[in-house]
Amino acid sequence: MRWTLIALLATTASASEDIADKYPGSLLYNKPVEVIPGVFSAIGATAPPTYENAGHNNNLSFIVTGEGVVVVNGGAAYGLAKALHDEIKTLTDQPVKLVFNENGQGHAVLGNSYWAEQNVPIIAHIDAAEEVAEYGRSILEGMKRYNRDQAAGTTLQGPTETFEDDYIVEMGPFRIEARYLGPAHSPGDIVIWLPNQRLVIAGDMAFHERMLPIFEHTYTADWLETWDSEFEALGATYVIPGHGHPTNMDQVRRYTKGYLEYLREKVGAHLEAGGGLAEAYYVDQSPYAHLDTFEELATKNAGRVFEQMEFE
């Protein structure tokens, strides 16, 4: 079946940063594809946000339930959210009923202003809402610098509703569970779990085609604990990650949990040998050098893990 084939072929799909915009005429980097029946995703570039990709460097997903559409991620700008909505309208007459922000980062929330204009409720974890309130203005200004005219219409709009543990709706054949599983990549990271379909829209809980970034507030030991105790327990068959093509648990386990464990082991050995921060930046990460954004992120990741593990 087509949707199964998409999920399985994702294990070998190319996601080079050098590939040009794949959907000329739209601000979307890619035209949405149907991953399983009723669940679509517009796969973003696995590169940093640029004018050329209009900030569409994450996955913008939506669920056509028969009783309305649920969107996952507001998008990086007003125009990007509108472009996604235009695509939805070509597939269904059902109205968009809800938008979830997977976290408080720009590519998840800056398109909220478009959805608010459509009177659509916007849902996020309370920690993500706090990130928007504290850092939203600087995130917006950063987006305007790279996106220039493509930032038109974008204003700061936080979520209109928040939750702490989960937010669950049932629409048509879909039970849609927005869940906060615990500390992961950034404050307020959530997953959207569809238990009837065994599919998880994992957001930044899971990476596989691009190197995951470790931020100042990304605590890798906590992320691994959340992975083992909560994310694996979902038992997902299909995974739509925050970045990159739809795939399966084997792939995201290899490149998320596996990478975090590998880097912590390398940095831990460096600490045991009495090494300092300057050398820690250059611990061997060659098994992951094929991942997109490796050049931008590998040394930064090693340095931040060193700073964390010094005090664990």
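Residues are numbered from 1 along each chain as its sequence is written. Because the model is predicted, local features need pLDDT of at least 70 and side-chain atom pairs count only at pLDDT 80 or more, while totals for chains, interfaces and linings use all residues; side-chain values use heavy atoms, with hydrogens and water left out.

## The largest pocket

The largest pocket holds about 910 Å³ of space. Of its 34 lining residues, P49, Q105, G106, H107 and F215 are the closest to the centre. The elements that contribute two or more residues to this lining are α3 (106-109), α5 (126-147) and α9 (294-309). Among the elements, α5 gives the most, with 7 residues. By residue type, the lining divides into 14 nonpolar, 13 polar and 7 charged residues.

Some terms need their limits. The search uses a 1 Å grid over the protein atoms alone: a cavity is a set of points where a 1.4 Å probe fits but cannot get out, whereas a pocket is an open set with protein on both sides within 12 Å along at least five of seven lines, and lining residues have an atom within 4 Å of a point. Grid points are joined across faces, edges and corners, and a volume is the space filled by probe spheres set on the points. Helices (H or I, at least four residues) and strands (E, at least two) are DSSP runs numbered from the N terminus. Ala, Val, Leu, Ile, Met, Phe, Trp, Tyr, Cys and Pro count as nonpolar, Asp, Glu, Lys and Arg as charged, and the others, Gly among them, as polar.

## Helix α5

Helix α5 bends by about 70 degrees at Y135, the bend being the angle between axes fitted to the seven residues ending there and the seven starting there. The buried residues of α5 are A128, A129, E131, V132, G136, L140, M143, Y146 and N147. Here, buried means under 20% relative accessible area, exposed means over 50%, and partly exposed lies in between (1.4 Å probe, protein chains only). The cover over these buried residues includes α3, β6 (122-125) and β7 (161-163), with contact taken as heavy atoms within 4.5 Å.

Within α5, E141 and K144 lie 3 residues apart, about one turn of the helix. E141 counts as partly exposed because its relative accessibility is 40%, and K144 counts as partly exposed at 34%.

## Salt bridges

Side chains of opposite charge can pair when their charged atoms come close. In a salt bridge, a side-chain nitrogen of Lys or Arg lies within 4 Å of a carboxyl oxygen of Asp or Glu. The whole structure contains 11 salt bridges, and the table gives three of them.

| Salt bridge | N to O distance |
|---|---|
| E141 and K144 | 3.8 Å |
| R175 and E177 | 2.5 Å |
| R179 and E177 | 2.8 Å |

E177 is buried, with a relative accessible area of 6%. Salt bridges that share partners join E177 with E170, R175 and R179 in one network. R175 is partly exposed at 27% relative accessibility, and R179 is also partly exposed, with a relative accessible area of 26%.

## Backbone angles and contacts

Most residues other than glycine have a negative phi. A54, although not a glycine, has a positive phi of about 55 degrees. This residue lies in the loop between β2 (39-42) and β3 (60-64), and A54 counts as buried because its relative accessibility is 3%. R148, also not a glycine, has a positive phi of about 45 degrees; R148 sits in the loop between α5 and β7, just after α5.

V39 belongs to strand β2 and is buried, with a relative accessible area of 0%. V39 and F62 are 23 residues apart in sequence, and their C-alpha atoms are 6.0 Å apart. Leaving aside neighbours within four places in sequence, V39 is in contact with V33, E34, F62, I63, F174, L194, L199 and I240.

K266 lies in helix α7 (residues 249-272) and is partly exposed, with a relative accessible area of 32%. K266 touches V283 and D284, not counting residues up to four places away in sequence.
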